[in-house]
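Good morning, colleagues. Please bring the sequence and the structure up on your screens, and I shall then take you through selected parts.

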Amino acid sequence: MSEPQTGQATPAIREADVLIVGGGLSGTLLAMQLLRLPGARRIVLVEPRPELGRGEAYSATELGHTLNGNAARMSIEPDDADDLTRWLQAHLDEGGWPESGTQDVPVSELFPPRGLFGLYTQQRLAQALIIGQANGSSLIHVRDEVIDLQTLQQGVRATLKDGAQWQAAAAVLATGMFPAARTAQRESSGLNAAALDPWNVDALRALPTDARVLIIGSGLTMVDALESLNQAGHRGPIEVYSRHGLLPHVRRQPPAWEDFLSLAPDLRSPLQLLRELRRQCALALEQGIDWQAPLDTVRVHIARLWSQASDAQRRQFVRHVRPWWESHHHRSPPQGNALLERLLKEGRLTVRAASMQGVDSAGLRIRLRYRGQTEAVWVEGDGLINSTGIEYDWRRVDKALPRQLLQRGLIRPGNLGLGIAADAGGAVLNADGEPGQRLFAMGPPLRGMWWESTAVTDVALQAKALANRLAVEF
């Protein structure tokens, strides 16, 4: 940063107790928990979006972009699993979300639009603000982007994009997810230079209605892309390509199943878990019970299993199990699955297993090598969508803050390059593997430590635990 010119006043460094970087779900839940705790503290949350609590995931405005979990599974209150269900019932009673009336299921089994979930989070934050103000606490939303952080002996100093600086006793990296579709790519493929945003319905409306659309990736982002195309009025062929060609299963509401992992503490390796899970699913099917019932009991054990696994076991899971885990565990909401099934039945949607070798952005062509083939071929379309999901490797995220933190040695990559490393309490590990005293992280950046660090319930638990730690230490 250049020195100020003669006669130019140096901008004052503003102060806070806790500085939160990112105001999506993670940062908002942390602020909410801090505001509820006794004591007066000044909380500053830096988020470029005009609204808190939405971030990338819950800024969606299309009703078809729904949560992939029903209301009973998505409470942001760690000690109250029915909180979202009650909020949603009150919202419906007031005339909100009238489209839900077509679904003849209990409120707890509804899959709310993601934009509506963002409103729920905002209202819970507003209630926490009232509590915080009574305690003498405050929350300041700074609409900007943190581009650099420095750790000091007595705190952390953040530099914002507009040049302003904030100094705080502690800072928390609650940056959320970096969607691959919105992350600048430095690789030679240049996929995003040619691709359309899977959530931008207006951009997709610019395509001819009969356009041949190519989609890279076959997970939940692809399901969102199908809904966006549907909302845009697209009626042409859609070709989906992914390395394994696996589609997400639809999420159903299975009955309760015994928590078999609690009864088998010796199950540790991915291979052991996979074998026992298959056995449990087979038992369920023999009894006429949905195979998703045993699978759903695993979620509460994921963080423990991943954190205690060896690096070799983690690599084994990522290399051999991950694609099937993602398609079975991260399941599609019923509405999205219904659209997918309809498109398949109509013959408009095809799904092929192929790896992408390159992109010709000028001609809207992608170079693919189909599974089982040795030679790559060019496939041409009228539109291209990147639905490869989330970029977790901070070394590949082309944004100022990750670059600066890595360059300063304030962070180190997480296990297998997933997110960043931290201790069990969220203190970020520096390049030497030492936990920082002033810099913390939560949510998706801790993917390498907990694996499922993006689910609402897991983020909510992390927010409460980290808020309690910050309140004690600072």
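First, the conventions. The model is predicted, with local features requiring pLDDT of at least 70 and side-chain atom pairs counted only at pLDDT 80 or more, while totals for chains, interfaces and linings use all residues. Residues are numbered from 1 along each chain as its sequence is written, and side-chain values use heavy atoms, with hydrogens and water left out. Helices (H or I, at least four residues) and strands (E, at least two) are DSSP runs, numbered from the N terminus.

Let me begin with helix H12, residues 400-408. Its buried residues are Leu 401, Pro 402 and Leu 405. Buried here means under 20% relative accessible area, exposed means over 50%, and partly exposed lies in between, with a 1.4 Å probe and protein chains only. Why are these three residues of H12 on the same side? They cover an arc of only 100° around the axis, which places them on one and the same side of H12; the arc is that of the directions from the helix axis to the C-beta atoms. The buried residues of H12 pack against strand E1 (13-21), strand E4 (146-152) and strand E6 (165-173), where contact means heavy atoms within 4.5 Å. After H12 comes Gly 409, with a positive phi near 75°.

I turn now to the helix pair. Helix H6 (residues 220-231) packs on helix H11 (residues 334-346) at an angle of about 75°, and their axes are 9 Å apart. Axes are lines fitted to C-alpha atoms, for helices over the stretch in contact, and angles run from 0 to 180 degrees between N-to-C directions. H6 and H11 are therefore roughly perpendicular to each other, a label used for 65 to 115 degrees, with under 35 counted as roughly parallel, over 145 as roughly antiparallel and the rest as oblique. From H6, the residues Met 222, Val 223, Leu 226, Glu 227 and Asn 230 meet Gln 335, Gly 336, Leu 339, Leu 340, Arg 342 and Leu 343 of H11. By class, this contact of H6 with H11 has 6 nonpolar, 3 polar and 2 charged residues. In that scheme, Ala, Val, Leu, Ile, Met, Phe, Trp, Tyr, Cys and Pro are nonpolar, Asp, Glu, Lys and Arg are charged, and the others, Gly among them, are polar.

H6 also leads us to a sheet. H6 lies across strand E7, strand E8 (238-242), strand E9 (349-360) and strand E12, and runs at about 155° to E7. What is the order of the strands in this open sheet of 6 strands? The order is E11-E10-E9-E8-E7-E12, and the pairing is mixed. Two strands pair if DSSP finds at least two bridges between them. At the edges are E11 (377-380) and E12 (383-386), each pairing on one side only. Neighbouring strands of the sheet are turned by 45° against each other on average, direction ignored. E7 (residues 213-216) and E12 run parallel and are joined by 4 bridges, with Val 213 opposite Gly 383 in E12.

Within E9 we find Gly 358. Gly 358 is buried, at a relative accessible area of 11%. Leaving aside neighbours within four places in sequence, Gly 358 contacts Arg 365, Ile 366, Arg 367 and Trp 378. The C-alpha atoms of Gly 358 and Trp 378 are separated by 9.0 Å, at 20 residues apart along the chain.

Next, the hairpin. Strand E13 (427-429) and strand E14 (residues 435-441) form a hairpin with 5 residues between them, and Gly 433 in the turn has a positive phi of about 80°. E13 and E14 pair in the antiparallel sense over 2 bridges, and Leu 429 stands opposite Pro 435 in E14. E14 is also joined to E6, in parallel, by 3 bridges, where Leu 173 faces Ala 441 as its opposite residue.

Finally, two backbone angles. Most residues other than glycine have a negative phi. Trp 97, not a glycine, has a positive phi of about 45°. Trp 97 sits in the loop between helix H2 (83-93) and H3 and is buried, at 10% relative accessible area. Leu 416 likewise has a positive phi, near 60°. Leu 416 lies in the loop between H12 and E13 and is partly exposed, at 36%.
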